[in-house]
Amino acid sequence: METVTFFRSPPSSASIRGKEPSLYTVKAILILDNDGDRLFAKYYDDTYPTVKEQKAFEKNIFGKTHRTDSEIALLEGLTVVYKSSIDLYFYVIGSSYENELMLMAVLNCLFDSLSQMLRKNVEKRALLENMEGLFLAVDEIVDGGVILESDPQQVLHRVAVRGEDVPLTEQTVSQVLQSAKEQIKWSLLR
């Protein structure tokens, strides 16, 4: 009779930490202005379920980070990676056990995508004038907390394609007017 020996694999680093790996890496993406006021916020879980709790968290995070030169902070049991540009502060938030490099890849992709969309003019006024591009970019980078893309060139390509193929019923008034202007211009040139 043959004896079979089973070997147990060593515990993974995730089980050592007590947390299982998850695709839901990002808890929130925030963009705040110089005063710590919200310009954009997208929360992907119920860590802060009410707007009041979200605003309090945003004020706290801004207070802790706006005067420092570092890029990573641990706050309220969360990992926060952040970057500032002129009068904007960009934040990507994950759990305390999330890989900071993954969160930083999301932050860099968002910042680089916006920088190219805004022609290197990443400041409050330009961002407010191009909010639809911001919404599309964030949706291409993260969906429900799952990181979809970290290459800014791919994000820009997808945003451009989505911007062109939007049905008339889903277009903003400015998009409809721009489209009408283009059609009139081309009809006059014929």
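Is Leu74 buried or exposed? Leu74 is exposed, with a relative accessible area of 64%; exposed means over 50% relative accessible area, buried under 20%, and partly exposed in between (1.4 Å probe, protein chains only). The structure is a predicted model, in which local features need pLDDT of at least 70, side-chain atom pairs count only at pLDDT 80 or more, and totals for chains, interfaces and linings use all residues. Residues are numbered from 1 along each chain as its sequence is written, and side-chain values use heavy atoms, with hydrogens and water left out.

**Strand 3**
- Leu74 is found in strand 3; helices (H or I, at least four residues) and strands (E, at least two) are DSSP runs, numbered from the N terminus.
- The C-alpha atoms of Leu74 and Ser96 are separated by 7.1 Å, and these residues stand 22 residues apart along the chain.

**Helix 2**
- Gln54, Phe57, Glu58, Ile61, Phe62 and Thr65 are buried in helix 2.
- Seen down the axis of helix 2, these buried residues fall within an arc of 130 degrees, so they line one face of the helix; the arc is that of the directions from the helix axis to the C-beta atoms.
- Lys52 and Lys64 are exposed on the other side of helix 2.

**Helix 5**
- Helix 5 (residues 131–141) is largely enclosed by the rest of the structure, because 8 of its 11 residues are buried.
- Among the buried residues of helix 5 are Met131, Gly133, Leu134 and Glu140.
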